[in-house]
Amino acid sequence: MAASAQSLQKRSSAGLLLQLWQSSLGKKYVMAVTGLGLFLFVIIHMLGNLQIFLGAEKLNSYAALLKSNAGVLWGARIGLLAIVVLHITSAIQLAQLNKRARPVGYAAGKPVASTFAQRSILVSGLVILAFILFHLAHYTLGLVDGSWLGLHDEQGRHDVYRMVVLGFSNPLVSIFYIVAMGLLLLHLSHGVSSLFQSLGLRSKKTFGLFDKLAKGAALILFLGNSAIVVAILAGLIK
Ligand code: HEM
């Protein structure tokens, strides 16, 4: 009796989750929560990468630490992949729902409240996706230059420092990275602010504050990541 009540409860909570996912409110929540996860990832990733300014020893030991436990590493990778897939799926489905709800464009041109970052959010998201695929091929899979994964420092650790310096010694690749970071800035300056709205944290009163926080954080990310690329191109990091 107790077991069947439990399985009924399990089935009804699974049904509730499915119902939530099928509603546009549910998709907005999924997009907001996954967006927050990705935003936190890029901040932590940038802070880790900025250790390149402290020298090879710091960056290589940090990279070795991240890879020291295969279970944790693969758990994080699979979690990140699931978050990316959910974020993109909910974004595309929400765009389709919005289009269905308003098949004809605005009679008087674009909406007053819409900003460039807001209107280009899908396009900037797609370019960031292309950047991530290239970035994985570049550094994680070593598809641009297979010898980079075989670089080792004096302690026998993967020489991530040397790999990054070699990677950004190509000006075309570096320019692509800086353009992608610019699009990430555009994407986050609208995305982070609106995720607070979807989570019910942003009100009319706090709109300005959250908007400024989101834009400030997006700008710091752009400057921090671009500083690495520019410092290597300028020969400050060798
Ligand atoms: C100038 C900026 C960046 C630098 C220097 C950089 C550097 C790196 C390096 C060296 C790796 C490979 C780590 C290793 O195998 O030891 C890596 C992996 C990765 N990066 Fe970046 N990154 C940058 C920006 C970004 C951005 C903006 C994103 C996301 C939008 C990103 C997402 C990733 C992901 C998903 C991985 C794979 C992690 C894994 O191996 O599981 N990176 N990055």
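A polar contact is a pair of N or O atoms within 3.5 Å; within protein, one must be able to donate a hydrogen and the other to accept it, and residues adjacent in sequence count only if both atoms are side-chain atoms. Keep that in mind as you select K67: a polar side-chain atom of K67 lies 2.8 Å from an oxygen atom of the ligand.

Before going on, note that this is a predicted model, where local features need pLDDT of at least 70 and side-chain atom pairs count only at pLDDT 80 or more, while totals for chains, interfaces and linings use all residues. Residues are numbered from 1 along each chain as its sequence is written, and side-chain values use heavy atoms, with hydrogens and water left out.

Next, select the iron atom of the ligand. H45 and H135 each coordinate the iron through NE2, at 1.9 to 2.1 Å (donors are N, O and S atoms within 2.8 Å of the metal, or 3.2 Å for Na, K and Ca; water is not among the atoms, so sites may look incomplete). Colour the helices (DSSP runs of H or I, at least four residues, numbered from the N terminus): H45 sits in α2 (residues 24-49) and H135 in α6 (residues 121-140), 90 residues apart.

Stay with H135: an N or O atom in the H135 side chain is 2.7 Å from a nitrogen atom of the ligand. Then click N49, where a polar side-chain atom lies 3.3 Å from a ligand nitrogen.

Methods
Helix = DSSP H or I, 4+ residues; strand = E, 2+ residues; numbered from the N terminus.
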